[in-house]
Amino acid sequence: MFRIDRHPILPTPSHTEIPFFWEGRTLMAREGETISSALFANGVRIFGHHPKDGAAQGIFCANGQCSQCLVLADGIPVKACLELIRPGLRVEPVEGLPVLPRVDAADDLSARLKDIEEVRVPVLIIGGGPAGLSAAIELGKRGVEALIIDDKHRLGGKLVLQTHRFFGSIEAVYAGTRGIDIATRLEKDVRSSPSLRIWLQAAALAVFSDRKVGVLIEGRRYVLVSPEVLLVAAGAREKNLAFPGNTLPGVYGAGAFQTLVNRDLVKPTGRLFIVGGGNVGLIAGYHALQAGIAVSGLVEVMPECGGYKVHRDKLARLGVPIFTSHTVLSANGTERVESVTVARVDEHFRPVPGTEKSFACDTLLIAVGLDPVSEFYEKAREFGMTAFAAGDAEEIAEASAAIFSGKIRGLEVARSLGHDVGGISEEWYRTAEILKSKPGKTLPETVPEDESGVFPVLHCNQEIPCDPCTAVCPNNLIEIDRTDIRMLPAFFSSRDGKGCTGCERCVAICPGLAITMVDFRKDPEFPTVAIPLEFPKETLRAGDSVVVEDTEGQALGRVEVAAVKAIKANDRTVIVKVRAPREYAKKIAGLRLQPERESDPLERYVERTEDDTIICRCERVTAGEIRKLIREGLRDINEIKALTRTSMGSCGAKTCTPLVHRLFREEGVPESEIVDQPKRPLFLEVPLGVFAGLADEKGKEGGEA
Ligand code: FES
């Protein structure tokens with residue numbers, strides 16, 4: 001079984017096992033998991049073959065957005081990443097076009113038709129992630145009735161995938177607390193509020209011109225919700241990338257990977273490679289290592305990673321090579337990924353011949369950015385509804401920013417309904433802007449001159465919104481400019497006659513693992529260095545020899561581990577103590593855990609032709625087919641659609657549209673000349689009978705949770 005049985009942060013409780021069938025074979029799943037996770041846990045990565053060219057199909061988004069994961073469940077085509085497994089469920093691959101289920105001529109469907117249920121609510125919140133829950137809590141505090149709908153089977157959105165401590169401000173957004181724990185806190189607050197209702201596995205299908213929102217619950221029950229105010233907090237979808245081999249099973253979004261690993265404790269791969277050095281890619285690499293998965297490398301096309309430097313440094317120190325100014329040329333393999341080929345790019349982002357390298361891997365994560373799921377908000381505004389957007393659905397930023405924007409939107413929604421919320425202070429809006437901001441200046445790292453006593457060394461030298469270290473020092477020795485928490489923290493050796501006691505609280509709480517504690521008191525020539533680690537305590541033992549590194553991952557030397565400390569107060573952050581020579585003790589920022597051989601390139605690079613580049617993954621339309629039409633003068637995407645079937649597939653054009661625009665850009669066509677296609681109205685594929693109120697045969701009436 002491909003399960004994660006041990007994890008440094010996530011609990012691994014025992015689960016009830018249930019049998020299901022895959023191609024007639026009995027497999028075991030965990031109760032409450034999705035079909036895709038159950039299949040991955042059993043080593044099944046290929047879910048079928050495409051009707052057009054027989055290409056193998058797997059997952060891409062694991063988030064209901066791409067339709068790549070179609071399987072037959074008891075004969076009905078369903079998205080494996082959304083549908084939960086049931087005991088005895090017969091799951092089959094989709095080989096070619098699925099056959100429509102037979103309707104018995106003797107079956108009187110009219111007898112099973114029901115009136116469509118309609119519900120009126122003061123506030124409907126689409127999305128139970130950080131923004132939606134935070135908004136709901138503000139509404140709940142004021143007794144405003146709100147209904148929260150979420151298409152997943154649990155609340156929390158992307159927070160449930162985040163094992164690391166959060167950045168931002170302790171005061172405003174629980175900084176210093178792990179994302180998974182923030183999700184639990186928010187859910188508890190929501191559930192304790194009597195004015196809030198929750199529907200899980202409830203997907204918003206569309207916002208209609210009569211100002212009703214169609215909601216599909218558990219894929220079977222259809223409800224029309226009429227809200228006085230709509231708040232869209234539906235999050236974001238991952239961007240796709242065009243390169244040969246981009247649809248092979250094993251190429252998937254970083255969010256999909258985190259879903260499998262951190263939500264469902266499935267180990268989908270032994271060795272992966274990452275494209276994209278933003279926070280999502282960097283964190284996904286870190287999560288892989290925590291789950292015992294080797295990371296062969298990460299490429300970022302820009303000269304610097306766009307994510308927080310502390311995330312980048314953490315990954316580099318653990319032994320993952322980061323290739324900036326590099327791009328992916330191809331994912332290679334026949335039925336699934338076997339290797340990836342990358343190359344350096346010039347100043348125009350063109351691959352430089354002769355710089356190609358291939359790495360063995362079975363998984364390639366795409367982490368090249370996110371697009372807001374904003375279509376519900378746009379439609380609501382078009383149809384004259386009172387509507388707000390929060391979190392990534394409004395603007396892509398960190399989850400901490402989504403929490404705070406949710407709080408503000410919650411107050412704005414309450415105010416729009418006539419509740420007195422007082423003035424929402426300018427300070428709140430300023431904090432929201434700070435939390436959303438991109439990383440600022442990177443300053444040269446300064447190493448303290450002192451070589452006596454005990455003190456922390458702050459290895460964080462990039463301006464990002466983050467302040468947990470300032471709140472935990474019992475003697476207030478770490479300070480950040482309170483008017484702007486993006487400024488770098490400063491350490492003061494004494495205040496009010498009190499100095500550092502070596503309590504290590506700052507070491508344990510830093511979300512970037514960027515603080516160490518150097519103690520010269522016992523042996524000034526071989527001081528002890530306390531280093532934070534978010535790996536199982538058993539990873540290292542006293543007496544082990546380890547390579548220690550500076551902030552950016554350069555090896556400083558090999559030293560002996562003196563002790564490994566795991567105490568409850570440090571909340572699963574282990575403190576490793578090493579004794580190191582005075583010459584470099586203060587420069588030590590981390591330990592290398594991944595052996596270097598994991599990132600050795602193959603001896604020869606693997607080539608693949610451009611023709612393999614798929615733009616529309618649902619209809620398997622290549623870049624070459626679309627480019628030809630653009631070169632022939634076509635500027636209307638509707639015409640391209642009619643001639644090639646691009647964007648006519650079941651994902652509703654969500655994954656290919658940005659790629660088609662990119663092809664136009666590559667051909668030098670200005671955006672103003674492109675005629676876009678209308679947005680497809682339904683967010684998900686839905687059995688037609690749902691709209692006629694065809695009652696579910698199984699009589700399922702799920703929803704309220
Ligand atoms: S993988 Fe299931 S919809 Fe994308």
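Biologist: How many bridges join strand 20 to strand 21?
Modeller: Four, and the strands, with strand 20 covering residues 339–344, run antiparallel. Strands (E, at least two residues) and helices (H or I, at least four) are DSSP runs numbered from the N terminus, and two strands pair if DSSP finds at least two bridges between them. The model is predicted, so to speak of a local feature takes pLDDT of at least 70 and a side-chain atom pair 80 or more, while totals for chains, interfaces and linings use all residues. Residues are numbered from 1 along each chain as its sequence is written, and side-chain values use heavy atoms, with hydrogens and water left out.

Biologist: Which residue is the bridge partner of Thr-341 in strand 21?
Modeller: Ser-358.

Biologist: What is the strand order in that sheet?
Modeller: The order is 19-20-21, an open sheet of three strands with antiparallel pairing. Strand 19 (326–332) and strand 21 (357–360) are at the edges with a single partner strand each, so one side of each has no neighbour in the sheet. On average, neighbouring strands here are turned by 25° against each other, direction ignored.

Biologist: And the sheet of seven strands, what is its order?
Modeller: That open sheet runs 25-30-31-34-33-32-35, again with antiparallel pairing. Its edge strands are strand 25 (454–458) and strand 35 (590–591), each pairing on one side only. Strand 32 (residues 545–549) pairs with strand 35 in the antiparallel sense over two bridges, and Glu-549 stands opposite Gly-590 of strand 35.

Biologist: Switching to rings. How many aromatic pairs does the structure hold?
Modeller: Ten. Rings of Phe, Tyr and Trp (its six-membered ring) pair if their centres lie within 6.5 Å; planes under 30 degrees apart are stacked, over 60 edge-to-face, and the rest tilted. Tyr-286 and Phe-535 make an edge-to-face pair, because their planes are at 90°, with the ring centres 6.3 Å apart.

Biologist: Where do Tyr-286 and Phe-535 lie?
Modeller: Tyr-286 is in helix 6, and Phe-535 is in the loop between strand 31 (528–533) and strand 32, so the pair ties together parts 249 residues apart in sequence.

Biologist: At what angle does helix 6 pack with helix 7?
Modeller: About 35°, with the axes of helix 6 (residues 279–290) and helix 7 (residues 309–317) 9 Å apart. Axes are lines fitted to C-alpha atoms, for helices over the stretch in contact, and angles run from 0 to 180 degrees between N-to-C directions. The crossing is left-handed, meaning the near helix is turned anticlockwise from the far one by less than a right angle; clockwise would be right-handed.

Biologist: Which residues of helix 6 and helix 7 meet?
Modeller: Among them are Leu-282, Ile-283 and Tyr-286 in helix 6, and His-311, Arg-312 and Leu-315 in helix 7. Contact means heavy atoms within 4.5 Å. The contact residues divide into five nonpolar, three polar and two charged. Nonpolar covers Ala, Val, Leu, Ile, Met, Phe, Trp, Tyr, Cys and Pro, charged covers Asp, Glu, Lys and Arg, and the others, Gly among them, are polar.

Biologist: What about the angle between helix 14 and helix 15?
Modeller: Helix 14 (residues 623–631) and helix 15 (residues 637–644) pack at about 130°, axes 11 Å apart. They are therefore oblique to each other; under 35 degrees is roughly parallel, over 145 roughly antiparallel, 65 to 115 roughly perpendicular, and the rest oblique. Their crossing is right-handed.

Biologist: Which residues meet between helix 14 and helix 15?
Modeller: Ile-626, Leu-629 and Ile-630 in helix 14 meet Ile-640, Leu-643 and Thr-644 in helix 15. By class, that contact has five nonpolar residues, one polar and no charged.
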